[in-house]
Amino acid sequence: MFEADLERDGFCLLRHAVTNETVSGLLAVCTNAFSDESRSVRARSSRGHVYAARNLIESIPEVTTIWQNDLLVGFLRDQLGDSFGLVRALFFDKPPDRTWNLPWHQDTSIAVKDNSVASSSFSRPTLKAGVPHLIASDDILHQMLTLRIHLDEVTDDNGPLRVVPGSHVARESQGIGFPNAVTVQAAVGDVLAMRPLIQHASGPSAAGTTRHRRILHLEFAADPELPDGVQWHHFVQGTIG
């Protein structure tokens, strides 16, 4: 088993960071929200299954509190400092009968209020599900951290995430190399912490599996301020001292 270290490898797994009861409650809330088209959940679905949803801070208030326990807030504060906050929340699922795969990539896009502001720290303005986004510089991404809360057990059967240790240090980095990528398996309530620049990918679920692979993907930043007057689309600060 690969024992990951966040500073060295760009990721680590926090075991049992969220209770099963909390996970069950969140799944119920998400199911209700995704089935209600009157709510502002920007979701992509196929054959009745939602496999990705954006802008959850606006539509599912529970995503602003599920991470606010002593373990996770303490961890985030240790990594990002006292002023950290939640800046984006996404949901992913691999339904067993509608699986998908994701090629190798790094997470370089951030959600902002206005993507027309000129700044050398940002590039390539886009609109994703109605929200302005920009590609952020490495300096900004180094001050961010993603927590992926596992809402299902993740095994080789349901398309686990694969990461390349050490690839988080720069945009062009390949770390220890793609052939040495590590597969992240997890129990319900385990939380994967990862730096945005780490190279990561996932394959499709195994044929015949009955497992979903549902993830709540939360992005945090160290500072409520961005360069040159650019503003986060949302910034939700932790409340546990």
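Reader: How many disulfides does the structure hold?

Author: This is a predicted model, in which local features need pLDDT of at least 70 and side-chain atom pairs count only at pLDDT 80 or more, while totals for chains, interfaces and linings use all residues. Residues are numbered from 1 along each chain as its sequence is written, and side-chain values use heavy atoms, with hydrogens and water left out. A disulfide is a covalent bond between the sulfur atoms of two cysteines. With a disulfide taken as a pair of cysteine sulfur atoms within 2.5 Å, the number in this structure is zero.

Reader: Is C30 buried or exposed?

Author: Relative accessible area under 20% is called buried, over 50% exposed, and in between partly exposed (1.4 Å probe, protein chains only). C12 has 10% relative accessibility and therefore counts as buried. C30 has a relative accessibility of 2%, so C30 also counts as buried.

Reader: Which residues does W67 touch, not counting residues up to four places away in sequence?

Author: W67 is one of the residues that touch the most other members of the largest nonpolar core. With contact defined as heavy atoms within 4.5 Å, W67 touches L72, V73, L76, F84, L86, L218, F220, V236, Q237 and G238.

Reader: What is the relative accessible area of L216, and is this residue buried or exposed?

Author: L216 belongs to strand β14. Beyond its neighbours within four places in sequence, its contacts are L26, L56, V63, I66, L90, L147, R148, I149 and L151. Its relative accessible area is 0%, which means that L216 is buried.

Reader: How far apart in space are V18 and D190, C-alpha to C-alpha?

Author: V18 sits in the loop between β1 and α2, and its relative accessible area of 4% makes this residue buried. Leaving aside neighbours within four places in sequence, V18 is in contact with V23, I66, N69, L72, I149, G189 and V191. V18 and D190 are 172 residues apart in sequence, and their C-alpha separation is 6.7 Å.

Reader: Which residues are in contact with V29, leaving aside its neighbours within four places in sequence?

Author: V29 is part of helix α2, and with 22% relative accessibility it counts as partly exposed. Between V29 and E62 there are 33 residues of separation in sequence and 8.0 Å in space, C-alpha to C-alpha. The contacts of V29 are I60 and E62.

Reader: What is the phi of H16?

Author: Most residues other than glycine have a negative phi. H16 lies in the loop between β1 (11–14) and α2, and at 62% relative accessibility it counts as exposed. Although H16 is not a glycine, its phi is positive, at about 55°.

Reader: What is the phi of D228?

Author: D228 is located in the loop between β14 (215–221) and β15 (236–237). Its relative accessibility is 48%, so D228 counts as partly exposed. D228 is not a glycine, yet its phi is positive, at about 60°.

Reader: What distance separates the C-alpha atoms of S116 and V230?

Author: S116 lies in the loop between β6 (109–111) and β7 (122–128), and its relative accessible area of 59% makes it exposed. Along the chain S116 and V230 are 114 residues apart, and their C-alpha atoms are separated by 9.0 Å.

Notes: A nonpolar core is a set of buried Ala, Val, Leu, Ile, Met, Phe, Trp, Tyr and Cys residues joined through side-chain atoms within 4.5 Å. Helices (H or I, at least four residues) and strands (E, at least two) are DSSP runs, numbered from the N terminus.
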